[in-house]
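Me: I would like to go through this model term by term, asking what each label rests on. Please set the values against the definitions as you reply.

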Amino acid sequence: MPQSSSSKLQKSGSIRNAAVIGSGVMGAGIAAHLANAGMRVLLLDVVPQSLTAEEEKKGLTLSDAAVRNRLSAAAVARMAKAQPAQLYDSAWTNRITPGNLTDHLQALGDVDWIVEAVVERLDIKKEVLEAIESARRPGTLVSTNTSGLSVSAMAEGRSLEFRRHFAATHFFNPPRYMKLVEIVPSEDTDPETVALLTELCEKRLGKGVVVAKDTPNFIANRIGSYGMLVTLADTLAYGLTVEEADALTGPAMGRPKTATFRMLDLVGLDTLLHVVDNVRERSEDAEEREVFKRPELLARLVGLGRLGEKSGAGFYRKQ
Ligand code: NAD
């Protein structure tokens with residue numbers, strides 16, 4: 001109906017201040033995308049537990065803001081280097097304020113939309129949502145970028161008012177290029193929340209939205225992670241090298257930059273491991289649990305600290 005759609009439009013246009021929690025691969029990319037769309041963004045991460053050699057040399061301590069905000073400030077610098085100038089306006093970095101969850105939690109009371117993008121672990125996400133609830137204004141939208149954890153489980157323990165305004169907005173990597181956002185409501189999410197998030201993603205962020213059910217890994221990751229696992233298993237079974245498998249699943253299929261193992265390094269091997277574990281642990285289907293059994297090679301690399309591009313090495317070493 002024209003009347004309700006215009007009032008919704010006004011509502012999505014009124015979302016000017018956002019916060020992104022977690023400044024890793026996805027949080028940094030989402031923050032940059034939101035800032036480029038004209039929103040002011042507070043980017044928060046945890047406070048580092050120790051000093052880097054460089055910080056020690058400068059005489060900094062763990063009480064200094066430069067140290068406490070290090071993770072999110074580094075994320076903005078990383079994104080500034082990586083963003084193609086033709087896609088981003090020259091002032092987007094000025095619209096991001098780096099901070100940390102300890103010192104700047106109360107600032108969440110001043111924002112209209114909070115996007116949670118911390119590590120893919122239910123226990124940690126629940127803790128972060130609890131902290132968000134303690135600081136946010138009633139009515140503030142909250143969304144999670146989970147790859148496929150249960151949205152309902154994440155919202156457990158939160159008030160009904162919070163749950164009505166909470167859903168997943170699952171962006172894909174890298175957020176600047178990937179068009180799809182899966183929006184996943186829980187059974188308590190208000191239809192208005194879904195409508196508003198849809199409009200934000202479509203009209204303000206230029207994305208295409210699919211509303212998915214709250215099932216393990218939603219839609220795209222269920223298919224995508226399955227494909228990656230099959231290629232990983234085939235590579236080992238047929239004695240292919242990583243490069244050979246990527247030649248077959250990359251340029252030959254029109255995906256020069258997103259061949260299987262390049263893609264795994266970009267996603268983060270630890271994140272993929274969480275995604276696979278999540279489907280297996282939540283599945284009631286024995287065959288599915290077998291398909292999503294823990295890929296030992298992936299687990300070994302993660303154990304060695306080879307998490308992909310973010311740690312400098314995964315299947316490939318970063319050049
Ligand atoms: P990441 O490992 O790059 O970053 C995770 C961030 O969480 C880090 O900045 C870390 O400091 C922070 N963090 C860790 N423990 C925390 C805590 N206790 N409190 C607050 N912050 C904490 O992970 P990512 O790839 O950016 O993934 C973030 C979310 O996005 C996950 O839910 C993941 O499943 C999802 N996701 C990832 C991809 C991808 O391709 N990597 C794609 C879509 C969705």
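Me: Into which domains is the protein divided?

Reply: The protein is divided into domain 1 (2-211) and domain 2 (220-311), with bounds that come from an automatic or database domain assignment. This is a predicted model, in which local features need pLDDT of at least 70 and side-chain atom pairs count only at pLDDT 80 or more, while totals for chains, interfaces and linings use all residues. Residues are numbered from 1 along each chain as its sequence is written. Taken over C-alpha atoms, the centres of domain 1 and domain 2 are separated by 26 Å, and the contact takes 10 residues from domain 1 and 11 residues from domain 2, where contact requires C-beta atoms, placed from the backbone, within 7 Å.

Me: What makes the ligand lie between domain 1 and domain 2?

Reply: Both domain 1 and domain 2 give residues to the shell around the ligand, so the ligand lies between them. The ligand is surrounded by 26 residues, the closest being Gly 24, Met 26, Glu 120, Ser 147 and Asn 173; a residue is counted as near if its C-beta atom, placed from the backbone, lies within 6 Å. Helices α2 and α6 (122-135) each supply at least two residues of this shell, and the largest share, three residues, comes from α2. Helices here are DSSP runs of H or I with at least four residues, and strands are runs of E with at least two, numbered from the N terminus.

Me: Why is Ile 132 called buried?

Reply: Ile 132 has 22 other C-beta atoms within 10 Å and is therefore buried, the definition asking for 20 or more, with 12 or fewer for exposed and partly exposed in between, and with C-beta atoms placed from the backbone. Ile 132 is found in helix α6 and, not counting residues up to four places away in sequence, touches Leu 108, Ile 114, Glu 116 and Val 142.

Me: Which phi value sets Asn 217 apart, and is Asn 217 buried or exposed?

Reply: Phi of Asn 217 is near 70 degrees, a positive value in a residue other than glycine. Most residues other than glycine have a negative phi, and most peptide bonds are trans. With 25 other C-beta atoms within 10 Å, Asn 217 is buried, and its place is the loop between β8 (208-211) and α10 (220-237). Phe 218, found in the loop between β8 and α10, has a positive phi of about 55 degrees although it is not a glycine, and is buried with 23 other C-beta atoms within 10 Å.

Me: Which peptide bond is cis, and what is its omega?

Reply: The bond from Asn 173 to Pro 174 is cis, with omega near -5 degrees. Pro 174 is found in the loop between β6 (166-171) and β7 (180-185).

Key. Contact = placed C-beta atoms within 7 Å.
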